Every structure is written in C-alpha cells, then in structure tokens.
Amino acid sequence: MAAYIIRFLLALLFIYAGIEKLFLPYDPSVFRTDAAEAHPLFFTYYDLLQGSGYLYFVGLFQLLCGLLLVFRRTYLLGSIMLVPLLLCLLMTHVFFSRYPPFILFDSLMLALNLFLLFGRYNEWKTVLLKKENSWI
C-alpha cells in the first residue's frame, strides 16, 4: 500500500514539475524571491540552464518519468529513469544552491524512489546484475 501512495505522490510531483518547465513562463524574480536564502551562484546556474533550453529537456524527462510512474506496468522503468535525474537535482542543490530545504526535499524524493526500486529488487536484479562469464 505504501508503494502505491509513494508512486502516486512522485508521479504527481514530476508530472507537475515537467508541465511547469515546459509550459509555464519562467519568472526569475519570483524564483529568486521563493528561494532568497540560496547561494547567488545557483540563480546564475539556473538562468544559464533556462537560457540554453536545457530545462525543457529536464521538464520533458520529468513529465515522462511521472507518467511512467502512474501505470503499474511501467512504473519500474520510470523509477529507474528517475535515479540519475534525482541525483543530478540533489547534487545541484548540494554544490550550487546550498539551500538546506532544497537538499532535504531532493534527498527525500531520492529515498522514496529508492524505496520503490528496492521493493521490486528481485525483478530488476536479474536484468541489471546478471552473472557473466567474463568482465569484458
């Protein structure tokens, strides 16, 4: 039951985050006000990502992962795909924003996603951790 709730919450969060990045206008002044305690370098970094269009890729990836989490057949794939995204988000806040609420939130999201993954460990370990005869 906990896995369903976590799946639903993560799906809602990432669907919203993806739609926000793809379709809602970015207002730097509002963003800076909402996280005023974050390191100034973070805002420069985020503006660079926004200006280059990279955040559209992130938004598309967030939306895709959120949609994959909705369906029972695809949620394992969505959860696996979220791992590098969540690590990137977490490390961005650790190294750039240095804002504890962002770090805590991203850490919680990563922990919840890992909970989903390890709940289905027996299913994906045979694919990802398959024994081979050689290291090459």
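This is a predicted model: local features need pLDDT of at least 70, side-chain atom pairs count only at pLDDT 80 or more; totals for chains, interfaces and linings use all residues.
Okay, a definition to start: buried means under 20% relative accessible area, exposed means over 50%, and partly exposed is in between, with a 1.4 Å probe and protein chains only. Residues are numbered from 1 along each chain as its sequence is written, and side-chain values use heavy atoms, with hydrogens and water left out.

Let's look at the whole chain. It has seven helices and zero strands, where helices are DSSP runs of H or I with at least four residues, strands are E runs of at least two, and numbering goes from the N terminus. The C-alpha atoms fill a box of roughly 55 × 35 × 25 Å along the principal axes. Of the 136 residues, 35% count as buried. Take the contacts, meaning heavy atoms within 4.5 Å, between residues at least 6 apart in sequence: 67% of them join residues at least 24 apart.

Now helix 4. Its 17 residues reach 25 Å from first C-alpha to last, close to the 24 Å expected at 1.5 Å a residue; that expected span is 1.5 Å times one less than the number of residues. Which residues of helix 4 are buried? They are Leu 55, Val 58, Gly 59, Gln 62, Leu 63, Cys 65, Gly 66, Leu 68 and Leu 69. Those buried residues pack against helix 1, helix 3, helix 5 and helix 6.

That takes us to the core. A nonpolar core here is a set of buried Ala, Val, Leu, Ile, Met, Phe, Trp, Tyr and Cys residues joined through side-chain atoms within 4.5 Å. The largest one has 26 residues, and Leu 10, Leu 69 and Leu 82 touch the most other members. Two or more residues each come from helix 1 (2-23), helix 3 (40-52), helix 4 (54-70), helix 5 (75-97) and helix 6 (100-119). Helix 5 gives the most, with six. As for Leu 82, if you skip its neighbours within four places in sequence, it is in contact with Phe 14, Cys 65, Leu 69 and Asn 113.

Next, the largest pocket. A pocket is found on a 1 Å grid over the protein atoms alone, as an open set of points where a 1.4 Å probe fits, with protein on both sides within 12 Å along at least five of seven lines; lining residues have an atom within 4 Å of a point. About 1,000 Å³ of space lies in the largest one, the volume being the space filled by probe spheres set on the points. It is lined by 36 residues, and Glu 20, Lys 21, Tyr 46, Gln 62 and Leu 89 lie nearest its centre. Gln 62 is also one of the buried residues of helix 4.

Arg 98 sits in the loop between helix 5 and helix 6, and has a positive phi of about 55 degrees although it is not a glycine. Arg 98 counts as partly exposed because its relative accessibility is 46%. Lys 125, in helix 7 (residues 121-128), is partly exposed too, at 32%.
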